[in-house]
Amino acid sequence: MAYLVVALLIGVPLAACLTLSALLYRRLFVPLRPDWLDDFTFTPWEFQADYEEADLVTVDGVTFGAWFFRQTGSPQVLVISPGHKGRRQDLLGIAVALWRKGFNVICYSYRGMPGSDRGPVTMGIREVQELAAVVALARRRVKGARIGLLGYSMGAVVSLLGAAGDPSVEALVLDSPFSDLRQVVRENVRSHALLPGAPFVAAVSVWLFLRHGIRLADSSPIAVLSGLEPRPLFFIHGGADATTSVQHSRRLYDAYRGPREIWIVQGAPHTGGYFMDRALYVERVAGFFARNLGLKTAGQLRLVEDEDEEVS
């Protein structure tokens, strides 16, 4: 009887820990299953935009899709990266709005997403290869391309990691990034499961490395910030973000030694700044890129000169 009690005292918590670790792994790294509705979505055609479809391949052989919105005669190109398990359809609103401001715009889908080759989500570690392929497309299509990056959540991390290795990228807008993957996972485990996050991060780290050769520590934007200097960064974060605390953007902002701006959108949830005030969001993002990529703004862009950090 005593052995049974001991077995239960050890086995039940261990089983619960393994189950939660498996759920955490699935939530973070297993891509969405294909669905028959995947082909029934909006495209740039609905917006009467001048665009082309591009099928691209990464250096590690992953095929994925992108939309390239053309602005003839403009060298400025904005590459927009979606969030966790995101795809290009998620970005149509902001992509079309920035295209109408005079920028060439490219948005794309990650590996593992519908329309792309199957593969694990890697929280920015391997997705930087999709970004690199898109930047290469921009340079092929646009003579003398001046490239800026806009990323959301994991896409902001992809932008940071990718730009650190590509000094030709000139400016970045980073909406709701995490400063370190291990830190944000620990915070979410504590918040949602009311458990210490470190053991689960350790378990997922081991499993991810054994299965895919990936280390969680490699998704750490704060570790690559010095590689971005002196390029300008614009951090945007929702003040009510319950997924990635606003402190992650503040930490990155405080640690960066190049030119930087920060906009905390009061009351906005995770990546919700755009939806709180679409017009203001577009003006501020477009204004930042116009100033730093040399876009002539006469007649089509009202630059917002609001230096306040907190916006309600």
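A pocket here is an open set of points on a 1 Å grid over the protein atoms alone, with protein on both sides within 12 Å along at least five of seven lines, and its lining residues have an atom within 4 Å of a point. Grid points are joined across faces, edges and corners, and a volume is the space filled by probe spheres set on the points.

Before you start clicking, note that this is a predicted model, in which local features need pLDDT of at least 70 and side-chain atom pairs count only at pLDDT 80 or more, while totals for chains, interfaces and linings use all residues. Residues are numbered from 1 along each chain as its sequence is written, and side-chain values use heavy atoms, with hydrogens and water left out.

**Stop 1: the second largest pocket.** Select D38, D39, T41, T43, G65, W67, R87, R88, Q89, S109, P114 and G115, which line this pocket. The space inside is about 170 Å³. Colour the lining by class and you will find two nonpolar, six polar and four charged residues (Ala, Val, Leu, Ile, Met, Phe, Trp, Tyr, Cys and Pro count as nonpolar, Asp, Glu, Lys and Arg as charged, the others, Gly among them, as polar).

**Stop 2: the largest pocket.** Next, move to the largest pocket, with about 880 Å³ of space. Its lining has 35 residues, and R27, H84, S153, T243 and H270 are the closest to the centre. By class, the lining has 21 nonpolar, 12 polar and two charged residues. Now show the helices (DSSP runs of H or I, at least four residues, numbered from the N terminus). α1 (2-29), α2 (92-100), α5 (181-193) and α8 (273-276) each give the lining at least two residues. Which helix supplies the largest share? That is α5, with seven residues.

**Stop 3: α5 against α6.** Select R182, V185, R186 and V189 in α5, which meet A198, F200 and V201 in α6 (heavy atoms within 4.5 Å). This contact has five nonpolar, no polar and two charged residues.

**Stop 4: α2 against α9.** Finally, select α2 with α9 (residues 278-293), which pack at about 55° with axes 10 Å apart. These two helices are therefore oblique to each other. I94, A97 and L98 in α2 meet Y281, V282, V285 and A286 in α9. The contact has seven nonpolar residues, no polar and no charged.

Terms used
On a 1 Å grid over the protein atoms alone, a cavity is a set of points where a 1.4 Å probe fits but cannot get out, and a pocket is an open set with protein on both sides within 12 Å along at least five of seven lines; lining residues have an atom within 4 Å of a point. Axes are lines fitted to C-alpha atoms, for helices over the stretch in contact, and angles run from 0 to 180 degrees between N-to-C directions. Angles under 35 degrees count as roughly parallel, over 145 as roughly antiparallel, 65 to 115 as roughly perpendicular and the rest as oblique.
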